[in-house]
Amino acid sequence: ISILRQPVPSEYSMYFNNGVGIYRENYISLVDWIYKYIVFYCASRKATTRGTYLSILYRDIQPYFGEFPLILINFDILQSYINYLSSPAARHQDDPDTGYPGLNPKSIRNIICIVRGAIRKAVYPPLNILSRDPTIGLDLPRIITPKIRVMSEEEMLAFIREMRRERLCMAMFISLFTGIRMGELLALDWTDLDEQKQRLKIDKNLERVQVFDDPSKKTELVLQ
């Protein structure tokens, strides 16, 4: 699927194929560098955020770049990657139909945001692995913001009437009238409710994240 699916140049191959060879940061592959960036340099970010980053790495970045060396990455290669992501070849079998030939612009920007963050970490001091930033000036697809339709007063009243029949109607009411996210709603407990002041404290989030370091399970619930 990629012109990068070619053998690593001979002068770099020893650093990928010789397990007992001398490891040098300069010859690390782009994929391995992004992995290190996520696990090591993004360690302070939420577990759900890092889980999303790793999912994108394995799903959208690794199949294209393979073992291509970080130090050979340049502007043209990255722009070709963006063009690939915009093509039908980048779509996955389980992707919903978004009306775009390839991935939707927001997904592409999220992928490039991770790639750019990792590359810039390699460019600037104290690492200085790359002499220049090849991400400057990349042409990214434009995001078209869809129009948001708001329910009319009649629709809102009909919705409320239907909600009263549901076992979880209170959760639906809280979501409807506060705009709370699903993960925040699921993380609520009775200590978050101040009946005297009539306030609801929202400071936690419950999300299911992918697990990459435990073969016994694919996902786990994280409260943060």
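Is Arg181 buried or exposed? I looked this up to begin my notes. Arg181 is exposed, with a relative accessible area of 60%. I keep in mind that this model is predicted.

**Entry 1: the chain as a whole**

I went through the elements. I found eight helices and four strands in the chain. I then read their order from the N terminus, and it runs α-α-α-α-α-α-α-α-β-β-β-β.

Next I looked up burial. The chain has 224 residues, and buried residues make up 34% of them. I noted the accessible surface too, which comes to about 15,200 Å². Carbon and sulfur atoms hold 53% of that surface.

**Entry 2: salt bridges**

How many salt bridges does a search of the whole structure find? It finds seven. I wrote down a reminder: side chains of opposite charge can pair when their charged atoms come close.

I started with Asp133 and Arg120. Their closest N and O atoms are 2.8 Å apart, and the two form a salt bridge. Asp133 has 10% relative accessibility, so I put it down as buried, the cut-off being under 20%. Arg120, at 32%, counts as partly exposed.

I moved on to Arg165 and Glu162. They form a salt bridge, and the closest N and O atoms are 3.5 Å apart. Arg165 is exposed at 66%. Glu162 is partly exposed at 42%.

Then I came back to Arg181. Its side chain meets that of Glu184 in a salt bridge of 3.4 Å, N to O. Glu184 is buried, at 17% relative accessibility, whereas Arg181 is exposed.

I also found a network of salt bridges. Asp192, Lys201, Asp203 and Lys204 are linked in it.

**Entry 3: Asn205**

Where is Asn205 placed? I found it in the loop between β2 and β3. Asn205 counts as buried, with 11% relative accessibility.

I listed what its side chain meets. A polar atom of the Asn205 side chain lies 3.1 Å from the backbone nitrogen of Glu184. The side chains of Asn205 and Glu207 are joined by a polar contact of 2.5 Å.

I then left aside the neighbours of Asn205 within four places in sequence. Its contacts are then Gly183, Glu184, Ala187, Val222, Leu223 and Gln224.

Which residues make the nonpolar surface patch of about 430 Å²? Trp190, Leu193, Leu200 and Ile202 make it. I looked at Ile202 in particular. It is placed in the loop between β2 (199-200) and β3 (206-210). Ile202 counts as partly exposed, at 39% relative accessibility.

**Entry 4: aromatic rings**

I looked up the aromatic pairs, and the structure holds eight. I picked Trp33 and Tyr41. Their ring centres are 6.0 Å apart and their planes are at 50°, so the pair is tilted. Trp33 is buried, with a relative accessible area of 0%. Tyr41 is partly exposed, at 27%.

Last, I noted one aromatic cluster. Tyr64, Phe65, Tyr81 and Tyr84 form it.

Conventions. Residues are numbered from 1 along each chain as its sequence is written. This is a predicted model: local features need pLDDT of at least 70, side-chain atom pairs count only at pLDDT 80 or more; totals for chains, interfaces and linings use all residues. Side-chain values use heavy atoms; hydrogens and water are left out. Rings of Phe, Tyr and Trp (its six-membered ring) pair if their centres lie within 6.5 Å; planes under 30 degrees apart count as stacked, over 60 as edge-to-face and the rest as tilted. Buried means under 20% relative accessible area, exposed over 50%, partly exposed in between (1.4 Å probe, protein chains only). Helices (H or I, at least four residues) and strands (E, at least two) are DSSP runs, numbered from the N terminus. Accessible areas come from the Shrake-Rupley method with a 1.4 Å probe; for residues, only the protein chains shown count as cover. Patches are made of residues with over 30% relative accessible area and no salt bridge: like charges are joined within 9 Å, nonpolar side chains (Val, Leu, Ile, Met, Phe, Trp, Tyr) within 5 Å. A salt bridge is a side-chain nitrogen of Lys or Arg within 4 Å of a carboxyl oxygen of Asp or Glu. A polar contact is a pair of N or O atoms within 3.5 Å; within protein, one must be able to donate a hydrogen and the other to accept it, and residues adjacent in sequence count only if both atoms are side-chain atoms. Contact means heavy atoms within 4.5 Å.
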